[in-house]
Amino acid sequence: MTGTNGLLFLAALPLLVACETPSVAPMQDPAESGVHFLIPGAPGGGWDGTARGVGESLRRSGLVRRTSYENLSGGGGGRALAHLIATAPRQQSTLMIGSTPFLIQALRGRNPQTYRELTPICSVIGDYLSFVVRDDSMVRSWGDLVEGFDEHPRDFKFAGGSVLGGLDHLGTALAIEAAGGAPSEVRYVPYDTGGKAMAALLSGETAVLTTGIGEAVEAWRAGLVRILAVTSPERVAAISEVPTLRELGTDVEFVNWRGFFAAPDLKAERVEAWIDLVARLLETEEWESVRQRNGWVEIFHTGPGFAAFLGEQEQALAPLLARLEGAGER
């Protein structure tokens with residue numbers, strides 16, 4: 001926890017894409033069997049981008065010969081999680097991407113199954129949040145947004161790529177509160193992915209988008225949007241022109257971890273093989289290029305250490321969720 005209103009926790013619709021899950025012997029080396037990525041959201045979101053970025057880097061670096069991807073959205077990740085548990089015996093070559101929303105869903109008790117039933121492998125990256133408007137918006141700065149919100153909060157709809165009460169909603173409410181506003185006044189509109197939330201912003205359905213930097217950077221580079229501020233402790237190299245909230249007097253630091261889980265009851269040797277594969281990936285130029293392109297920071301916790309880290313993050317999140325719910329979600 002940093003500052004009175006600051007936050008630092010580190011660990012980031014049905015559509016089926018590309019693939020039949022490989023069925024291999026449990027002890028086969030991932031480099032030989034290939035990697036199947038299970039993605040709990042539709043294409044275009046942070047889960048999708050991270051899984052495909054990892055897969056791209058694995059192939060280009062020669063660490064694996066084959067990758068495949070399966071998008072299975074619904075229930076804030078609950079549908080994919082239930083699928084992985086139910087089909088565990090044939091999922092020995094599968095890694096499921098997850099992130100902070102998995103903890104939020106577990107704390108809220110909205111899915112009958114949680115990430116605790118899976119085998120934690122490792123966290124890989126952190127994606128800071130960004131506050132985004134269209135390039136032609138009358139809101140030119142974070143100060144303009146705060147001032148406008150204070151005067152006419154109902155005029156501002158915030159889009160996000162997570163459910164009501166989820167990561168993007170939580171980050172928005174915390175930032176508004178830290179800037180002196182009332183989190184209960186935030187009008188949050190949930191979309192299935194950051195890509196869909198970006199489309200809503202660009203079409204004029206919403207005034208502001210709260211999303212991971214990695215989901216906003218391409219539209220920013222194309223001149224379609226303006227990023228008002230980010231929740232990192234320092235400016236991010238990929239978008240170095242954009243100030244942090246702290247620079248602007250709003251004491252919030254907030255990052256979403258993303259990492260991988262495997263099927264339940266995975267043998268220890270298999271877990272070590274997955275960890276070793278990701279550890280080698282993080283040393284490659286191919287991965288570094290993908291990481292920098294998306295403005296991600298590296299967060300690498302493995303096995304039991306990753307599980308312990310998740311528990312710590314739940315403890316940090318619980319009171320924040322209680323505050324948001326106490327303020328009244330909108």
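Predicted model: local features only at pLDDT ≥ 70, side-chain atom pairs only at ≥ 80, totals over all residues.
Local features were assigned where pLDDT is at least 70 and side-chain atom pairs at pLDDT 80 or more, whereas totals for chains, interfaces and linings use all residues. Residues are numbered from 1 along each chain as its sequence is written, and side-chain values use heavy atoms, with hydrogens and water left out.

When residues up to four places away in sequence are not counted, L58 is in contact (heavy atoms within 4.5 Å) with V35, F37, L63, V64, L277 and L281.

Eleven aromatic pairs were counted, with rings of Phe, Tyr and Trp (its six-membered ring) pairing if their centres lie within 6.5 Å, and with planes under 30 degrees apart taken as stacked, over 60 as edge-to-face and the rest as tilted. F37 and F260 form a tilted pair, at 5.8 Å centre to centre and 50° between the planes. This pair links distant parts of the chain, since F37 belongs to strand β1 (residues 35–39) and F260, 223 residues apart from F37, to strand β9 (residues 255–262), strands being DSSP runs (E, at least two residues) numbered from the N terminus. Both F37 and F260 are buried. The ring centres of F149 and F158 lie 6.2 Å apart with the planes at 70°, so this pair is edge-to-face; F149 and F158 are likewise buried.

Notes
Helix = DSSP H or I, 4+ residues; strand = E, 2+ residues; numbered from the N terminus. Buried < 20%, exposed > 50% of the residue type's maximum accessible area, 1.4 Å probe, protein only.
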